[in-house]
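Hi everyone, thanks for making time for this.

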Amino acid sequence: MAKQLPKQILLNAFDMNSAGHINHGLWTHPRDQSHRFNELNYWTDLAKTLEQGLFDGLFLADITGVYDVYQNGIELTLKESIQLPSHDPSTLVSAMAAVTQNLGFGITVNLSYETPYQFARRFASLDHLTHGRIGWNIVTGYLDSAERLIGQKGLKQHDLRYAQAEEFLELCYKFWEGSWENDAVVKDRQNRIFTEPAKVHSIRHQGQFYQSEGVFQVSPSPQRTPVLFQAGASPRGLTFATQHAEAIFIGGDKPEKIKQQVEKIRTLATAQGREAEAIKIFIGITVVSAETDALAQEKLAEYCHYASPEAGLAHYSSSVGIDLSQFTEQETIPYQQTNSIASVNNKFKEQKITVADLKDQHVLGGRYPLIVGSGATVAEQLIHLIDETGIDGFNLTRTVAPESHQDFIRWVIPELQQRGRYKTAYSEGTLRHKLFQQGNLLSAQHPVQQFRCLTPASPAEIRPIQKQLA
């Protein structure tokens, strides 16, 4: 039997079209350039840097609404730029794609505030313009402030948001996969036929949340459906994610808990008729690296001088839907059921956590696992996490921009390559093919299959969803 090669680590840069993303307060560092997030060359320079480091993708977070739970307002949010201001991430993609050839782009879009048709059209267009390098991070939202912005009184119940997401996604599948046959576009100048009319079909959908009738305006893009990312960790969220997602983001800092989550995801995927390895699993990390361990620790101490643990606490308050400013430093935070991020909120049910504990975790203003050391030290820890837990890769958050990415590429990437755990060149093809080496399209085992274009001999209608959505 041939010896199995060690798993190659996948790597996304994790960022946001804002000054403050995960590690709050570091915009005040004198070398930080994130205040330039509203300048296009800030992003094109980042894209070129990441491609030089052979990153698989740039994953861009986004929110609708503001963090207004902490101290029952947005004063600290505004002062510390806690994802405010923040701009639309999809506006950046075409420019970054124009200066790169291989870097993928994962864009967060909250489906609760979109119409399926306009969203599907925008992402199909981006898939064309990037030559198949676009992905969608599917989120349903967790901020009451977002609901008020669009004229609603408050968040829908957690599981109802996922029921709506199911229908939104299935309607998008019909647009992306069911309206145009693969060979509909012929560009026949002699016979004056750009598209064969018989190969384009009308969509008819009458559902609980959405209705649509007509032809999708965008011809088949390289991937048809963008690569699907998801981060649901509640029971309902995991069911949705393991049915649809190709990449799932999970939290965690202890290897044994991460491993349990990975095994749960793979078991759920197989129960839904998918292969266990059909889903790539990522965890978020923060890395501070330098030439030596001692220099990395010095850099961490310097960064901590500018970071804001309280801003991290304010961000966390909105994530769990609880104003954490009401508790003293040493007071255990009681569990309260909210409509926010269920998996994060449940930690108060499972553990005794104080505000002081949270501030300790937010030493750099963010709560992701922190890895500090030389390139060799960081590489060994990343490899250990991959091998011990079964994850596939990491979402690397920035600290001081752009030097944190530059440091990682300078110190960590070569060490991973020397150990045979990171690519030395990009493979050809779309983002999906780069990740899975199985072609440009979603596999036949994915639920998208039931919505794919019918043969010319079959009825033109792509049938609406049969199951009743709760």
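Let's start in a loop: Pro85 sits between helix H2 (75–79) and helix H3 (93–98). Please keep in mind that everything here comes from a predicted model. What kind of peptide bond joins Leu84 and Pro85? A cis one, with omega at about 0 degrees. As background, most peptide bonds are trans.

Pro85 also turns up on the contact list of Asn17. Asn17 belongs to another loop, the one between strand E1 (10–16) and helix H1 (40–52). Is Asn17 buried or exposed? With a relative accessible area of 3%, Asn17 is buried. Beyond its close sequence neighbours, Asn17 is in contact with several residues, including Ser86, His87 and Pro89 from the stretch around Pro85, and also Phe37 and Trp43. Asp88 deserves a mention here too: the side chain of Asn17 reaches the backbone oxygen of Asp88 at 3.1 Å.

Now let me zoom out to the whole chain. There are 16 helices and 13 strands. The C-alpha trace spans about 70 × 50 × 50 Å along its principal axes. For 470 residues, a compact globule would have a radius of gyration near 23 Å, and this chain agrees, because its own value is 22 Å. Buried residues make up 54% of the chain. Among contacts with a separation of 6 or more, 76% are between residues 24 or more positions apart.

Let's go back to cis bonds for a moment. The peptide bond from Ala401 to Pro402 is cis as well, with omega near 0 degrees. Pro402 lies in the loop between strand E13 (393–397) and helix H15. Helix H15 covers residues 403–418, and Glu403 is part of it. Glu403 counts as buried, at 12% relative accessibility. Which side chain does Glu403 pair with in a polar contact? That would be Tyr303, at 2.5 Å. Glu403 also touches Arg31 and Lys299.

In helix H8 (residues 255–271) we find Val262, which is buried at 4% relative accessible area. Further along or back in sequence, Val262 is in contact with Ile250, Ile281, Thr389, Gly390 and Ile391. Met96, in contrast, is 166 residues away along the chain, with 32 Å between the two C-alpha atoms. Then there is Asp387, in helix H14 (residues 375–389). Asp387 is partly exposed, at 47%, and its side chain makes a polar contact of 2.8 Å with the side chain of Arg421.

Finally, some backbone angles. Most residues other than glycine have a negative phi. Where do we find positive values instead? Gln71 has a phi near 55 degrees, in the loop between strand E2 (57–61) and helix H2. Arg192 likewise has a phi near 55 degrees, and its loop runs between strand E5 (185–188) and strand E6 (193–195). Gln71 is partly exposed at 46%, whereas Arg192 is exposed at 77%.

That's my tour, and I'm happy to go back to any part of it on the screen.

Note on methods
Residues numbered from 1 in each chain as written. Predicted model: local features only at pLDDT ≥ 70, side-chain atom pairs only at ≥ 80, totals over all residues. Heavy atoms only, no water. Helix = DSSP H or I, 4+ residues; strand = E, 2+ residues; numbered from the N terminus. Rg over C-alpha atoms; globule rule 2.2 N^0.38 Å. Buried < 20%, exposed > 50% of the residue type's maximum accessible area, 1.4 Å probe, protein only. Contact = heavy atoms within 4.5 Å. Polar contact = N/O pair within 3.5 Å; in protein donor to acceptor, adjacent residues only side chain to side chain. Lists of a residue's contacts leave out its neighbours within four places in sequence.
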